[in-house]
Amino acid sequence: MEIFFGAFTSEWEQRRAALLQELSLGPKRRSSAEDEMKRRLKAMAGLGGGGGAGSGGGSQPKMRRASARPIFAAETRAAAASRPIEARLSAVAKGSQPAVVKMASYVGGARVGAMLNYVSRGGELTVENENGERISSREDLARLRGDWNHLFQNRAESRDIGIFTVEIASAAVSSDEAMHELVRNSLTSAFGDRRYAYAVTPQADGALTVQGAVVLRSGQGERLSGDDKAASLIQARYDASAAAQGVAARFSFQGYGNGVEYGASNLRSLVERHDVRDYRGQIVGDEKHAGDLVQKEWRGDLHSRKGRDVMHLIMSARAGTNVEAFENAARDFLAEQFAGHRYVFAMHDPANDPKEEGEGGKRPHVHAHAIITMRSESGDRIETTPQVFREWRATMAQMARAQGIAMEMTDRREFASPPAFTRNQVRPVSREGRTEHVGTSEAAQGRYDAKRGGRRSLAKAERSREYAIKATQSWQKIALASGDRCVVAYAEQQRDHLTASLSAGQAEASVNVAQRDFGSRFRANLVTLQKVVLEGQEMRETTRAEFEAYEKKVETALFRLERSVGPDERDDFDEVASVAREHVNGRRELMELYEMKGQAQAEQGTATERDESRERRDHANEQWDAAVAKHGAAVVEAANDVLVDIETSREVLDRIEAGELSNDPRVLRADIERGLARAAELAVQGNTYMREVAENDPELKRAIEVAEQTQERPAEVQGKTPANVDAVSEQQRDPRPEEAARRPNEPAEQAHELASTIDATDPLQDKSNRDKEAAQRGGETTRTDPAQQHIPRLEELEREELERRERDRDDRDR
């Protein structure tokens with residue numbers, strides 16, 4: 001049974017697993033393993049640390065000196081953290097150099113051989129691994145990749161840019177512009193919203209050959225593979241487009257690659273041979289324009305991903321630093337920080353660098369290159385954050401001091417130093433001595449000039465400002481406490497620089513708050529992006545308008561995050577952006593599903609509502625027919641006209657009390673009282689249907705009782721039904737003459753009150769009659785459908801309310 005020790009996360013588990021494995025192999029294998037260990041220990045004891053680079057080829061172990069033995073990581077971090085800021089800055093003022101530990105790049109396992117070749121200068125320099133073995137032969141370097149392979153993810157690089165060719169059949173074009181218009185129309189029909197650049201070569205038979213480069217990822221996140229399968233997909237899209245109706249074209253891919261470098265290289269090569277235009281028809285005139293097109297415009301659409309199996313780390317010191325002491329410090333630093341990881345490192349000393357100065361070699365400062373596996377034998381991955389780099393610089397400075405090198409961990413906020421430029425923001429133009437660069441954009445050029453010119457700049461984050469204030473106070477203490485004039489002058493100079501930068505930053509922050517909120521803090525912007533993206537978790541059923549607003553917020557957060565990305569965080573940003581956009585795409589699909597579900601429910605609900613409305617209407621018609629058969633049509637119609645007005649007023653009053661309308665409720669209550677008085681009068685006059693309705697309406701029942709008490713009618717008259725229904729109808733149309741004839745001896749005051757009540761209810765009766773006549777003229781049949789008689793009054797009230805709100809809004813606008 002074979003045991004993979006990397007699966008165990010603690011040292012004792014690894015040792016226990018190794019012991020169990022040796023015991024399971026039997027005495028023969030165990031003795032051979034012991035003999036091998038004894039042989040190595042004997043060889044190391046014989047060398048005693050004196051082996052050097054020139055002692056011959058092959059792998060030779062080298063013992064570390066006892067004085068250079070690293071201390072434990074916890075002790076190192078504690079010592080670095082406990083070192084006061086005044087002690088560090090005072091040492092810098094006295095001449096200590098800053099510790100420089102910087103990340104050059106990440107690469108996948110497939111490029112480890114190229115990185116080892118660069119570090120060893122093609123095998124001419126000796127490299128040293130984590131065990132202290134010195135490797136100087138190319139064969140041993142080549143075997144390293146195989147030894148490290150189990151620690152690699154071997155993640156394939158993303159295919160970002162494809163190289164394509166299109167053969168367009170002969171087409172009649174009147175000019176070069178018409179030809180380019182035809183080509184762009186064909187390419188856009190196939191590629192969609194992808195960016196591309198192309199060159200056209202006319203053929204003798206009138207056909208056109210188009211060569212170019214295209215971004216393989218679309219704006220919607222679809223990424224083409226840049227191979228024959230992708231060519232078939234694009235061909236199908238073109239054949240289905242309108243452009244294919246007039247002109248036949250055949251698409252194919254010749255290759256694909258990763259990143260800006262690949263795209264810029266291929267586009268520059270195309271510009272050297274042909275006249276190139278981009279997807280907008282603009283001419284790409286020279287190699288610089290080609291590089292800027294890919295770097296500035298295409299870069300954001302690539303979403304490039306690379307494997308991160310190893311990292312290239314550089315440690316450097318000032319010119320004149322003792323090379324052997326610095327090598328020991330670098331060795332101890334690597335052993336301390338990357339215990340359990342596989343790595344090699346090599347010293348680049350200007351005295352023995354085989355690379356010529358014009359080619360980038362023989363730099364005046366001594367430095368060490370290290371190639372380190374991102375994953376350790378126990379499965380842990382290296383974390384690369386600003387805080388981790390700060391710890392690395394502190395550890396490197398401590399190891400250097402142990403070797404007699406005056407070195408301190410420094411922070412740019414302690415000197416108001418400008419931020420560093422990244423290798424993606426500049427390109428080298430001269431490698432003699434110190435490499436000279438030019439920026440790939442105006443912003444990048446400004447950053448490069450600020451760094452090389454020593455222009456003072458302060459980070460705009462609030463925490464950075466607080467740290468700068470603390471550093472200013474520390475410089476002030478050093479200037480007051482030191483008796484050395486040079487130290488005092490240096491401390492006062494740095495204090496003044498920080499004070500001026502703080503004042504300038506405060507003025508800028510008061511003018512532009514947004515710039516302060518979104519400065520160069522990658523983590524802060526990452527938290528902002530996380531909050532925006534996770535906002536979608538609370539959006540269960542999102543409308544299209546809400547989703548578009550949410551999507552815009554996510555893209556804005558990504559844009560601000562990208563502006564704060566440093567060179568070491570670019571891959572992290574690409575992964576974060578990819579996950580965020582995948583999340584947004586998932587929300588889009590969910591929103592579309594909800595839309596489809598809503599449409600289906602709306603259609604089903606409409607059908608159900610129609611059925612329910614039909615059932616209500618049938619039920620109302622049944623009740624109407626039953627009431628007419630029992631009481632007579634004239635009696636039911638007369639009572640229903642008054643009841644409709646009462647119910648309409650009640651419904652509007654309920655909406656006012658619920659806050660849906662802002663009308664005066666007193667007006668509606670007065671309308672209801674008048675309607676109840678009219679209904680009570682009909683009931684007193686002998687309308688039996690009104691009395692039947694009053695059994696289920698307490699307010700109407702009380703109104704009838706009040707009307708009966710007020711009129712003091714004889715008992716035999718109450719409840720008496722007219723023998724002739726038509727006569728009842730005539731009395732209900734104009735009851736005042738009948739009332740006057742029936743009460744000749746009633747007091748004048750009561751007669752006046754009754755006349756007033758009748759006058760108040762007559763307008764409602766007249767309005768109801770007018771509504772019925774209009775409905776009959778319009779062909780409606782509301783008389784046979786009492787439920788529908790509520791609708792005209794509701795619509796009228798709602799229309800009046802809307803008109804009133806519009807008038808109020810117009811008044812406010814004016």
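## Terms and model

Buried means under 20% relative accessible area, exposed means over 50%, and partly exposed lies in between (1.4 Å probe, protein chains only). This is a predicted model, in which local features need pLDDT of at least 70 and side-chain atom pairs count only at pLDDT 80 or more, while totals for chains, interfaces and linings use all residues. Residues are numbered from 1 along each chain as its sequence is written, and side-chain values use heavy atoms, with hydrogens and water left out.

## The whole protein

The protein has 27 helices and 17 strands. These are DSSP runs, numbered from the N terminus: helices are H or I with at least four residues, strands are E with at least two. Of its 814 residues, 41% count as buried.

The accessible surface comes to about 44,200 Å². Carbon and sulfur atoms hold 49% of that surface. Accessible areas come from the Shrake-Rupley method with a 1.4 Å probe; for residues, only the protein chains shown count as cover. Now take contacts (heavy atoms within 4.5 Å). Among those between residues at least 6 apart in sequence, 70% join residues at least 24 apart.

## Two positive phi angles

A416 has a phi near 55°, a positive value in a residue other than glycine. A416 sits in the loop between β15 (407-408) and β16 (426-430). Its relative accessibility is 0%, so A416 counts as buried.

R121 also has a positive phi, near 55°, and is not glycine either. Its loop runs between α5 (112-119) and β4 (127-129). R121 is buried, with a relative accessible area of 11%.

## Salt bridges across the chain

A salt bridge is a side-chain nitrogen of Lys or Arg within 4 Å of a carboxyl oxygen of Asp or Glu. The whole structure holds 33 of them. One joins the side chains of R134 and E327, at 3.6 Å from N to O. R134 lies in strand β5 (residues 133-135) and E327 in helix α11 (residues 323-337), so this pair ties together parts 193 residues apart in sequence. R134 is buried at 10% relative accessible area. E327 is buried too, at 15%.

R194 and E222 form another salt bridge, at 3.2 Å from N to O. R194 lies in the loop between α7 (176-191) and β7 (196-202), and E222 in the loop between β8 (208-215) and α8 (228-240), so the pair ties together parts 28 residues apart in sequence. R194 is buried, with a relative accessible area of 3%. E222 is partly exposed, at 31%.

## A salt-bridge network

D301 pairs with R195, and their closest N and O atoms are 2.5 Å apart. D301 is in helix α10 (residues 287-302), while R195 is in the loop between α7 and β7; the two are 106 residues apart. D301 is partly exposed at 28% relative accessible area. R195 is partly exposed at 23%.

The links go further. R195, D278, R280, E297 and D301 are joined in a network of salt bridges.

## A negative patch

E612, E615, D618, E622 and D625 gather in a patch of negative charge on the surface. Patches take residues with over 30% relative accessible area and no salt bridge, and join like charges within 9 Å. Asp and Glu count as negative, Lys and Arg as positive; His and the chain ends are not counted. The place of a charge is CG for Asp and CD for Glu. D625 lies in helix α19 (residues 570-631). At 48% relative accessibility, D625 counts as partly exposed.

How values were computed
Patch = residues over 30% accessible without salt bridge, like charges linked within 9 Å, V, L, I, M, F, W, Y side chains within 5 Å.
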